[in-house]
Amino acid sequence: MKRSDKLRIIFGRLIQAIPSIIGIIIVTFILTRALPGDPAVYFAGPAATEKSIQEIRTSLGLDKSMLEQFWIYASNLARGDLGVSVSTGLSVKEELIRRLPASLELTFLALLFSIGVALPLGIAAATRPNSWVDQFCRIVVTAGVSLPVFFTGLFMVYLFYYILGIAPAPLGRLDIIYLSPPSITGFYTIDALLDGDFETFGAALSQMILPAITLGIFTLAPLARMTRGAMLQVLSSDFIRTARASGLKRSTVLYTYAFRNALLPILTTLGMVFSFMLGSNVLVEKVFAWPGIGSFAIEALIVSDYAAVQGFVLAMAILYVLLNLTIDIVYTLVDPRVGLES
Amino acid sequence: MKEFIKHLRYVLTENPVTLIAGAMFVLLIIAAVIGPSIVPYDPMASNASQSLKAPSWDHWFGTDQLGRDVFSRIVVATRLDLSIAVSAVAISFIFGSILGSLAGFFGGWVDRIVGRITDTIMAFPLFVLAMGIVAALGNSVENIVYATAIINLPFYARVSRTEVNVRRSADFVLAARLAGNSSLRLLATHIYPNTLPPLMVQVSLNMGWAILNAAGLSFIGLGVRPPTAEWGIMVAEGAGYIVSGEWWLAIFPGLALMLAVFTFNLLGDGLRDLIDPRRRT
């Protein structure tokens with residue numbers, strides 16, 4: 001009974017993602033058509049001739065009605081056709097797929113760092129209100145959201161690369177003296193480990209530490225704030241008092257009782273954290289010359305490579321919807337209240 | 001009014017952080033208003049013999065690769081950075097609160113449409129959507145303003161929807177309705193003004209985020225173009241010199257940016273205390 005309830009809710013969540021995806025497709029379509037001047041000229045790129053512009057006009061179907069154009073756009077998307085990037089000459093889909101692992105690897109490490117710092121910090125601050133831990137947490141939270149992520153990045157480069165000399169040069173995923181590991185997952189650290197090449201693993205990891213921390217500092221603020229708030233609320237509730245009065249161990253009360261209940265609002269905050277993270281990813285990638293999809297988009301923006309930018313926006317939005325969907329499903333699985341009513 | 005001033009003084013003296021934030025806010029306004037006429041050097045004047053000089057008594061924040069005074073450029077940039085953020089926040093405040101109020105007051109299909117619009121905007125990672133909008137509309141300062149306004153719209157719409165909704169059938173509104181006021185008049189003169197305090201808190205908290213966002217866009221080369229003095233682009237221009245040790249080019253404009261964002265965030269918290277003492281953090 002309980003299991004089927006959860007399955008039904010998860011299915012409902014999957015259905016709810018559909019309007020979001022339709023909305024995203026409509027918005028990216030509008031963005032393509034909102035171009036000042038002739039979209040065909042933009043899609044053709046700066047080096048286009050009159051003939052190629054005309055070809056693109058017919059191939060894009062710009063002489064057809066808006067509804068027909070939308071249909072063509074949507075069916076191209078359904079086939080995974082995002083157009084061709086004029087700056088690299090490759091299809092946008094290939095470019096994005098080739099660069100996605102670099103961005104994801106960085107984002108996951110940043111997320112790991114951010115959760116690893118924010119949760120203990122928030123819990124410590126909540127269990128000892130107004131202590132030095134709490135004050136420290138407050139400073140981190142306020143500073144974290146005020147620091148421009150590109151500024152933090154540059155500051156860390158200056159401190160750890162130029163002054164202390166312990167970080168490698170901020171130039172991409174791997175120092176030039178190393179060969180990239182055989183591509184299995186596309187994540188250099190994991191590929192290097194699978195290959196048994198610990199030296200390359202160390203090199204890849206050391207390139208990644210600064211950008212990941214930069215990204216993590218920006219996103220740990222909302223997480224720490226939420227953890228602290230949620231823990232404070234749960235700790236002041238009746239069942240915690242009962243648990244304490246029953247003589248349960250402090251750690252049992254804190255982790256088994258309180259933290260599991262505080263986890264739900266924290267999971268909800270993760271959605272916002274992902275929005276921050278995917279956005280600031282672009283800035284961090286620029287600072288550290290990271291060859292991910294963010295730097296691809298920046299390069300494309302500079303040369304008005306329009307299809308590439310659109311593909312990037314679409315890919316990021318879909319990624320964001322999928323991440324939120326995952327959070328929703330995890331939420332449903334974790335939430336002890338789901339299925340209790342029946 | 002007298003009560004309000006008393007409360008204001010209480011909030012300022014009770015929390016020194018708010019007082020500091022208030023002082024920094026005044027400083028920012030002064031820099032924005034009279035900055036260009038009090039700076040020691042012309043922010044645009046290059047001087048090849050003085051390029052890349054470290055901070056000194058003559059040049060407090062050093063000079064950049066063209067010998068321009070970094071301090072003067074930072075002060076002058078305040079006006080541009082603040083006006084981008086203020087215009088963006090003003091646009092999203094006006095349109096967001098109107099849409100949200102209509103949704104909260106009338107409910108039904110108006111609510112559904114507004115909800116759908118805000119949900120669709122929120123379905124994007126916001127900075128990425130801003131990049132897409134600027135790319136689509138064209139690379140200019142106005143379009144940075146519009147992009148920042150659009151991505152902030154949902155926050156205002158949501159706050160004012162909730163605030164209007166809880167007051168929709170309050171006694172004072174029913175009384176005004178019985179007195180013969182039309183629906184729109186009720187909304188505009190009786191309910192809407194009451195939603196302004198929470199919206200103001202939102203404005204202040206949002207300002208910092210708007211500044212960060214606009215600076216981020218110009219950092220990646222959108223909107224403001226060199227040689228214009230703007231914090232984001234100054235950090236971007238100085239970024240290349242960090243690895244060779246000329247830190248002052250990027251760090252000082254970055255600090256200015258951070259200080260401005262910090263000011264508005266702290267001010268937002270203080271404003272929340274002022275308006276709603278119960279929600280104190």
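What pattern does chain B follow when read along the sequence? In this predicted model, chain B reads α-α-α-α-α-α-α-α-α-α along its sequence, with 10 helices and 0 strands.

**Chain B as a whole**
- The C-alpha trace of chain B spans about 75 × 45 × 30 Å along its principal axes, and buried residues make up 49% of its 281 residues.
- Among the contacts in chain B with a separation of 6 or more, 68% are accounted for by residues 24 or more positions apart.

**Annotated regions, taken from UniProt**
- An unreviewed UniProt entry places the feature "transmembrane region" at residues 20–39, 82–109, 121–138, 207–227 and 247–268 of chain B.
- Of these annotated spans, residues 207–227 of chain B are 62% helix and 0% strand, with end C-alpha atoms 25 Å apart, whereas residues 247–268 of chain B are 95% helix and 0% strand, with end C-alpha atoms 31 Å apart.
- For chain A, the feature "domain: ABC transmembrane type-1" is placed by UniProt, again in an unreviewed entry, at residues 100–331; in the model that stretch of chain A is 80% helix and 0% strand, and its end C-alpha atoms lie 26 Å apart.

**Contact between the chains**
- The contact draws 38 residues from chain B and 40 residues from chain A.
- On the side of chain B that touches chain A, at least two residues each come from α4 (108–122), α5 (126–137), α8 (183–219), α9 (231–242) and α10 (248–275) of chain B, and α5(B) gives the most, with 10 residues.
- By residue class, this side of chain B divides into 28 nonpolar, 9 polar and 1 charged.

**The largest nonpolar core**
- The largest nonpolar core holds 172 residues, and the members that touch the most other members are A297(A), F312(A), A130(B), I211(B) and V235(B).
- Helix α9 (residues 198–235) of chain A gives the most to this core, with 18 residues.
- Leaving aside residues up to four places away in sequence, V235(B) touches F150(A), F151(A) and L154(A) in chain A, and F219(B), A250(B), P253(B) and G254(B) in chain B.

**Helix α7 of chain A**
- The buried residues of α7(A) include V149(A), F150(A), F151(A), T152(A), G153(A), L154(A), M156(A) and V157(A); among them, F150(A), F151(A) and L154(A) are touched by V235(B).
- G165(A), which follows α7(A), has a positive phi, near 65°.

**S146(A) in helix α6 of chain A**
- S146(A) is found in helix α6 of chain A, which covers residues 132–146.
- Is S146(A) buried or exposed? S146(A) counts as buried because it has 24 C-beta neighbours inside 10 Å, where 20 or more is the cut-off for a buried residue.
- Not counting residues up to four places away in sequence, S146(A) touches G208(B), M258(B), V261(B), F262(B) and N265(B).
- Within chain A, S146(A) and A221(A) are 75 residues apart in sequence, and their C-alpha atoms are 9.7 Å apart in space.

Technical notes:
Residues numbered from 1 in each chain as written. Chains lettered and ligands numbered in written order. Predicted model: local features only at pLDDT ≥ 70, side-chain atom pairs only at ≥ 80, totals over all residues. Buried ≥ 20, exposed ≤ 12 C-beta atoms within 10 Å, placed from the backbone. Helix = DSSP H or I, 4+ residues; strand = E, 2+ residues; numbered from the N terminus. UniProt positions renumbered as here; feature names shortened; annotations may be inferred. Contact = placed C-beta atoms within 7 Å. Nonpolar A, V, L, I, M, F, W, Y, C, P; charged D, E, K, R; others polar. Core = buried A, V, L, I, M, F, W, Y, C linked by C-beta atoms within 7 Å.
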